[in-house]
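This briefing is meant for someone meeting the structure for the first time. Please look over the sequence and the model below, and then read the points that follow, which are grouped by topic.

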Amino acid sequence: MNENDVQWIENLQWVYSRQFEVDAELLRKRHIVLVAEGLDTYARILVNGKQVAETADMFVETSL
């Protein structure tokens, strides 16, 4: 019956955040891969406030 007790979880908006620093050499790269494992079904990924990706299924990889 635990599933019934945790139904409230899907009714909230959850925010995960992470700060990191990158050096100038990395920023000169044409492509940078950001890996975010464990995102749930629907997620928006923002870097410095700009949306860079969106997911609709945690089992399907999203790349831009």
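When the whole structure of this predicted model is searched, one aromatic pair is found. The partners are tryptophan 8 and tryptophan 14, whose rings are tilted, with 6.3 Å from centre to centre and 45° between the planes.

**Fold and overall form**
- The chain contains two helices and two strands, and their order along the sequence is α-α-β-β.
- For 64 residues the globule rule gives 11 Å, whereas the radius of gyration of the chain is 15 Å, which is well over that value, so the chain is more spread out than a compact globule.
- The C-alpha trace spans about 50 × 25 × 15 Å along its principal axes.

**Contacts and burial**
- Of the contacts in the chain with a separation of 6 or more, 0% are between residues 24 or more positions apart.
- Buried residues account for 6% of the 64 residues in the chain.

**Surface and charge**
- The chain has an accessible surface of about 6,900 Å², and carbon and sulfur atoms contribute 50% of this surface.
- Among the side chains, 6 are positive and 11 are negative, and a distance of 17 Å separates the centres of the two sets.

Notes. Residues numbered from 1 in each chain as written. Predicted model: local features only at pLDDT ≥ 70, side-chain atom pairs only at ≥ 80, totals over all residues. Heavy atoms only, no water. Helix = DSSP H or I, 4+ residues; strand = E, 2+ residues; numbered from the N terminus. Rg over C-alpha atoms; globule rule 2.2 N^0.38 Å. Buried < 20%, exposed > 50% of the residue type's maximum accessible area, 1.4 Å probe, protein only. Contact = heavy atoms within 4.5 Å. Areas by Shrake-Rupley, 256 points an atom, 1.4 Å probe, with all protein chains shown as cover. Lys, Arg positive; Asp, Glu negative; His and termini not counted. Charge placed at Lys NZ, Arg CZ, Asp CG, Glu CD. Phe/Tyr/Trp six-rings, centres within 6.5 Å; stacked < 30°, edge-to-face > 60°.
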